[in-house]
Amino acid sequence: QVETEGDAPKSKIPRALPPEPKIQYEEPPEPPKEPSGVGLNKKVYYVCTKIGEPWIQLPDVTPKEIQVARKIYKSFTGNLETDILTYPEFPGKEKNYLRAQISRISAGTQIAPLGYYTFGGEEAGEGDEEDEVGEEEAETGGKTEYKTNPKYDPPSLKDLTDRSMTFWVHSAPYILPQGRLTWWNPTPAADVEDEELGEELGEEEEEDDKEKGSKAEPETGPPLLTPLSEDASLETVSPWSVRSSSNVLDTYALAVVRSNLWPGAYTFSTQGKIFHNIYFGFGLKYMQYNFSPMPLPPVQQEYAVGPEIMEVLDPTGAEEEKWRIDHLPKPKPKEDEEKGETDEGEGEEEEEEEEEDD
């Protein structure tokens with residue numbers, strides 16, 4: 001291209017770009033793993049793929065693994081070192097996923113007959129221990145330990161096979177949404193500041209600060225030894241099914257309880273003090289509808305919203321015609337027209353006089 005004389009010289013300095021947008025999202029603090037021998041890691045599990053092969057110890061489970069395992073639906077391959085390719089991304093191998101599913105199945109399907117376990121003690125000298133346990137319960141949100149009831153009176157077969165499920169209770173603690181059995185406070189410093197401010201401020205100001213503050217609320221769940229009758233159902237699907245192993249010989253019959261939320265989980269009990277929880281399944285929870293993965297998070301806005309980047313609908317033909325009429329030149333008033341005519345007449349007379357003089 002040839003530049004003409006009238007063209008302005010082009011600047012070689014590039015135009016300044018707007019500042020890059022900053023990421024406003026802050027990753028929430030990840031809860032720490034419960035130590036070995038405590039909470040979800042109280043027990044150690046060993047697995048093997050074939051009979052006769054050496055047993056392999058599974059690693060301890062983390063809260064992050066529990067949280068992601070609740071959001072995905074993945075079948076097992078049998079290889080403990082297989083990568084779990086899902087969304088959200090699972091933080092581990094198949095052995096970690098297996099360990100997380102074992103914790104979920106155990107927490108949801110371990111049950112016992114009503115009255116088999118108890119919290120309190122009737123022997124002398126146990127009052128102080130109960131006081132100490134009560135202080136721990138205030139921190140953790142519920143009782144976490146129980147023992148066998150020495151005065152247990154087994155229910156009858158009719159009661160054990162009652163479809164109301166009031167004679168069966170959960171014997172495993174509930175896993176909190178945080179992925180732990182005991183709640184972890186993500187903002188301990190904020191709680192300490194709130195307590196210090198609460199001592200100085202009045203009751204009204206303290207209530208306002210609690211409403212406005214960012215204090216984390218403890219997560220709670222159903223307590224231990226909660227009857228199965230209080231479990232939530234999936235519309236038309238009951239969470240539990242119960243039946244008798246024999247309708248002919250009630251004396252030797254067993255009560256068989258099946259979990260409908262975790263297919264493959266069973267509990268059988270004799271009419272004495274013997275009962276067992278077993279599981280043989282695929283490690284997947286029942287889903288009433290087809291599985292749908294989590295949607296992707298919303299896209300962050302790159303720049304501030306303004307008229308420069310907002311999309312506007314095109315005007316219709318009627319709107320364009322109205323705009324054209326509104327912007328037509330306005331007609332001059334009559335007085336201005338008369339003045340213009342007189343001025344033109346005077347101008348013509350002056351021209352005629354000049355011609356006569358010539």
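Helices (H or I, at least four residues) and strands (E, at least two) are DSSP runs, numbered from the N terminus. With that in hand, here are my notes.

1. What we are looking at. This is a predicted model, where local features need pLDDT of at least 70, side-chain atom pairs count only at pLDDT 80 or more, and totals for chains, interfaces and linings use all residues. Residues are numbered from 1 along each chain as its sequence is written, and side-chain values use heavy atoms, with hydrogens and water left out.

2. Start with Thr267. Thr267 sits in strand S9. Is Thr267 buried or exposed? Thr267 is buried, at a relative accessible area of 1% (buried means under 20% relative accessible area, exposed over 50%, partly exposed in between, with a 1.4 Å probe and protein chains only). Its side chain makes a polar contact of 2.6 Å with that of Asn277. A polar contact is a pair of N or O atoms within 3.5 Å; within protein, one must be able to donate a hydrogen and the other to accept it, and residues adjacent in sequence count only if both atoms are side-chain atoms. Leaving out residues up to four places away in sequence, Thr267 touches several others, among them Thr109, Trp168, Val256 and His276 (contact means heavy atoms within 4.5 Å).

3. Strands of a sheet pair through backbone hydrogen bonds, either parallel or antiparallel. Here four strands make an open sheet in the order S7-S8-S9-S10, with antiparallel pairing; two strands pair if DSSP finds at least two bridges between them. Strand S7 (240-244) and strand S10 (275-279) are the edges, each pairing on one side only. On average, neighbouring strands of this sheet are turned by 20° against each other, direction ignored. For that angle, axes are lines fitted to C-alpha atoms (for helices over the stretch in contact), and angles run from 0 to 180 degrees between N-to-C directions.

4. Bridges, strand by strand. S7 and S8 run antiparallel and are joined by five bridges, with Val257 in S8 as the bridge partner of Val242. Four bridges join S8 (residues 255-259) to S9 (residues 265-269), again antiparallel. Which residue in S9 is the bridge partner of Arg258? That is Tyr266.

5. His170. This histidine is in strand S6 and is buried, at 12% relative accessible area. Beyond neighbours within four places in sequence, His170 is in contact with residues including Gly108, Ile111, Leu225 and Trp240.

6. Helix H2. H2 (residues 94-109) has 16 residues and reaches 22 Å from its first C-alpha to its last, close to the 22 Å expected at 1.5 Å a residue; the expected span is 1.5 Å times one less than the number of residues. Because 14 of the 16 residues of H2 are buried, the helix is largely enclosed by the rest of the structure.

7. Backbone spots to check by eye. Most residues other than glycine have a negative phi, and most peptide bonds are trans. The peptide bond from Tyr87 to Pro88 is cis, with omega near 0°, and Pro88 lies in the loop between helix H1 (63-69) and H2. Met165 has a positive phi near 60° without being a glycine; Met165 is in the loop between helix H4 (157-160) and S6 and is buried at 4% relative accessibility. Leu225 likewise has a positive phi of about 60°, lies in the loop between helix H6 (203-212) and S7, and counts as buried at 16%.

8. Aromatics. Tyr116, Tyr117, Tyr146, Tyr152 and Phe275 form one aromatic cluster. Rings of Phe, Tyr and Trp (its six-membered ring) pair if their centres lie within 6.5 Å; planes under 30 degrees apart count as stacked, over 60 as edge-to-face and the rest as tilted. The count comes to nine aromatic pairs. Tyr116 and Tyr117 pair edge-to-face, 4.9 Å centre to centre with 90° between the planes. Tyr116 and Phe275 are also edge-to-face, at 4.9 Å and 85°. This second pair links distant parts of the chain, 159 residues apart: Tyr116 in the loop between strand S3 (111-113) and strand S4 (117-118), Phe275 in strand S10.
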